[in-house]
Amino acid sequence: MTIQLPSPLTLITPGWRHADTLDLYVKRDDLIHPVISGNKWRKLAPVLAGLPDSCTGMVSFGGGFSNHLHALGYACYCRGLAFTAIVRGDYRSQPTPMLQDLMTWGATIRYVTKTEYGLRESAAYLNELQHAFPSHIIIPEGGSQSAALNGIATMIEEILTPFTSLLVPVASGATLAGVASALGDTQQAIGIGVLKGEGYLESLVERLLPVPRSNWHVNHDFHFGGYAKRPAALREFCEAFSSECDIPVEPVYSGKLFYALKSLVENRYFAPGSTIVAVHTGGLQGSRKTVI
Ligand SMILES: *Cc1c(COP(=O)(O)O)cnc(C)c1O
C-alpha cells in the first residue's frame, strides 16, 4: 500500500467573478491513494499506526457507498487483518461497487436494519459486538473518533503556504474538528455541510473538539437538499469544474465544497488579497459505477 504524502497543494485560477482578487489553493488529499479516500486515510492513520499486536481484525459501520468502509476494508486487506462491515440496509441482491470491492478483499458483510444500525453508538450494543469479535477493534462510523483529529492535524502541518481560510466538507464532523483544533485563532475553518443538519453538525464538531474553539463554523447553504442529493445544477458544476481546473470532483462531498467556494468567491465573502485553501477530501465512491 503506497501512500503519497505530503499531498500536493495546487493553485487554481478558475474564471469565476472576483477569483483574481484571491489566491485559491486546493489541498489534494484525493491524491494520497487511488483507492483509499483522502480524509478517511488521515482519520485512520493514527489508529493503524497504534494497533496492538493482539489485534486480529476490525469492525466498522457505514452505508452502501461508504468511503470509510472502503478505506478501512482495503487497509485491513493489505495488512492481513479480518474486516467485518456492518452495513445499513440490505444490498444482497444488488451490492454496490464499494461492497463488491469489500467482498473481493475478503471482508465479511453484515447487512442490518435501520433500527439495528441506529444502535451503533449504544454502549450495550458495542459491548455485545466486542464479545462477538474478541481481539477486534471497533471503529465508529466514518472513522470519526478523537484519534482521528491527530491524523487531520498532519494534513494542516503539510500546508507551508500561509493562508487565511480553509474549507472542508462536513458529514460526521471529525475532519472539521481536526482542522479547527490545528488552525490558529486568526485562521478561519469553514465547514460546508453536505447534509441537512443545522445545529446537528455543529454539535458533532463540538463533541469531538478536545477544547472549545471559536475559529470555525458550518455553512449550511450548499447541501442541495440532503446527503448524496445531486440535482442537475450540481452535476453540471462538477463537470465544468473538473474540466476547467483539471481536478476530478463528485457530487457527494467535493462537488458541494467547490460549488460553495465558487459561490463565496463570487459573492465577495473573502476580503481581497486573502489566501484560501479548499481541501479535496477525495472519495469517489459516490460517483462510481464500475468495480475496480
Ligand atoms: C467522509 C467524507 C467526508 C466527511 O468527513 P467527516 O469527517 O465525516 O465530516 C468528506 N469528504 C469525503 C470524500 C469523505 O469520504
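Is Cys238 buried or exposed? Cys238 counts as buried, because its relative accessibility is 6%, where buried means under 20% relative accessible area, exposed over 50% and partly exposed in between, with a 1.4 Å probe and protein chains only. The model is predicted, so local features need pLDDT of at least 70 and side-chain atom pairs count only at pLDDT 80 or more, while totals for chains, interfaces and linings use all residues. Residues are numbered from 1 along each chain as its sequence is written, and side-chain values use heavy atoms, with hydrogens and water left out.

**Helix α1**
- Helices (H or I, at least four residues) and strands (E, at least two) are DSSP runs numbered from the N terminus; α1, residues 38–49, has 12 residues and reaches 16 Å from its first C-alpha to its last.
- Nine of the 12 residues of α1 are buried, so the helix is largely enclosed by the rest of the structure; among them are Trp41, Leu44, Val47 and Leu48.
- The cover over these buried residues includes β2 (23–28), β3 (57–62), α2 (67–79), β6 (136–139), α6 (146–157) and α7 (174–182).

- Leaving aside neighbours within four places in sequence, Leu176 is in contact (heavy atoms within 4.5 Å) with residues including Val168, Ile190, Val205 and Trp216.

**Cysteines**
- With a disulfide taken as a pair of cysteine sulfur atoms within 2.5 Å, the count comes to zero.
- Cys55 is buried, with a relative accessible area of 10%, and its sulfur is 7.6 Å from the closest cysteine sulfur, in Cys76, which is too far for a bond.
- Cys238 is likewise in no disulfide, the nearest cysteine sulfur, that of Cys245, being 12 Å away.

**Largest pocket**
- The largest pocket has a volume of about 1200 Å³, and of the 49 residues that line this pocket, the closest to its centre are Glu141, Gly142, Ala171, Ser172 and Tyr253.
- A pocket here is an open set of points on a 1 Å grid over the protein atoms alone, where a 1.4 Å probe fits, with protein on both sides within 12 Å along at least five of seven lines; lining residues have an atom within 4 Å of a point.
- α8 gives the most to the lining, with four residues.

Definitions and conventions:
The expected span of a helix is 1.5 Å times one less than its number of residues. Grid points are joined across faces, edges and corners, and a volume is the space filled by probe spheres set on the points.
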